[in-house]
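Me: I would like to learn how to read a packed pair of helices and a pocket. Please show me on a case.

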Amino acid sequence: MNLASRLSQLHQRIGAACSMYQRNPAEIRLLPVSKTQSVATLKEAVAQGLTCFGENYIQEALAKMEQLPAGIEWHCIGPVQSNKSRLVAEHFSWCQTVDSLKLVQRLSAQRSDGKDLNICLQLHLGDETSKSGLKAADLLALAQATVNLPRIRLRGLMTLPPPAITIEQQRYWFAQAREVFLQLQSRYPTVDTLSMGMSADLEAAIAEGSTMIRIGSALFGAREPKA
Ligand SMILES: *Cc1c(COP(=O)(O)O)cnc(C)c1O
């Protein structure tokens, strides 16, 4: 199957979920996740009208940026080590994986582009210790510390819940994220983004209020493991 037909199937899935859960499709942004995909594939995606990409690995993203037209909106969706923060501040429009005051202070200081860097704070759900992100209370405290930083615009939260099989299990986690999002939104007028849902659980995410789904394999096909 080619990209055009996967894209149209994906739009059908989003449309079906929106009618099932009474959501307006215009309120759900599709962020194509292009990690491990080739420049040729990204160019094909641009030709299909896609204008933003989520990338997990900063060096890989920079190599692609050089070969794609200007004006694409790049989202950093992978962990950011301190020594890579400058690259994110200088080359991305969004950083969705902010999970410490130190990181957001560096991003603020290193942002040079005239436009604010859009950020999402990463919410940790479940109790696996390996995954990054902040517990709800810590996330709300960090939000307060970010709002007055120059060149940073707090847009919302991003979450990557523990693996869940049934839609009920998936919705259980996403409902928790929505609660935190609503608290953020009630406090800060710039907050409009609840980034949750991937290829396997976008319906559950849409049911629970997602405003941005991050889609890799359903759009680009199965990924080759990263070398
Ligand atoms: C890879 C990735 C995605 C996309 O996952 P798919 O299951 O391929 O849709 C979304 N978000 C993050 C943070 C990812 O790392």
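Reply: Helices α6 and α7 are roughly parallel to each other, a label for angles under 35 degrees, with over 145 counted as roughly antiparallel, 65 to 115 as roughly perpendicular and the rest as oblique. Helices (H or I, at least four residues) and strands (E, at least two) are DSSP runs numbered from the N terminus. This is a predicted model, where local features need pLDDT of at least 70, side-chain atom pairs count only at pLDDT 80 or more, and totals for chains, interfaces and linings use all residues. Residues are numbered from 1 along each chain as its sequence is written, and side-chain values use heavy atoms, with hydrogens and water left out.

Me: How is a helix pair described, and what are the values for α6 and α7?

Reply: Two packed helices are described by the angle between their axes and the distance between the axes. Here the axes of α6 (residues 136–146) and α7 (residues 167–187) cross at roughly 20° and come within 11 Å. Axes are lines fitted to C-alpha atoms, for helices over the stretch in contact, and angles run from 0 to 180 degrees between N-to-C directions.

Me: Which residues make the contact?

Reply: Contact means heavy atoms within 4.5 Å. On α6 they are A136, L139, L140 and A143, and on α7 they are V180, Q183, L184 and R187.

Me: What is the volume of the largest pocket?

Reply: On a 1 Å grid over the protein atoms alone, a pocket is an open set of points where a 1.4 Å probe fits, with protein on both sides within 12 Å along at least five of seven lines; lining residues have an atom within 4 Å of a point. A volume is the space filled by probe spheres set on the points, which are joined across faces, edges and corners. For the largest pocket this is about 650 Å³. Its lining has 33 residues, with K35, L160, M198, R214 and R223 the closest to the centre.

Me: Which residues lie nearest the centre of the second largest pocket?

Reply: They are I72, F92, S93, D113 and K115, out of 17 lining residues. The volume of the second largest pocket is about 320 Å³.
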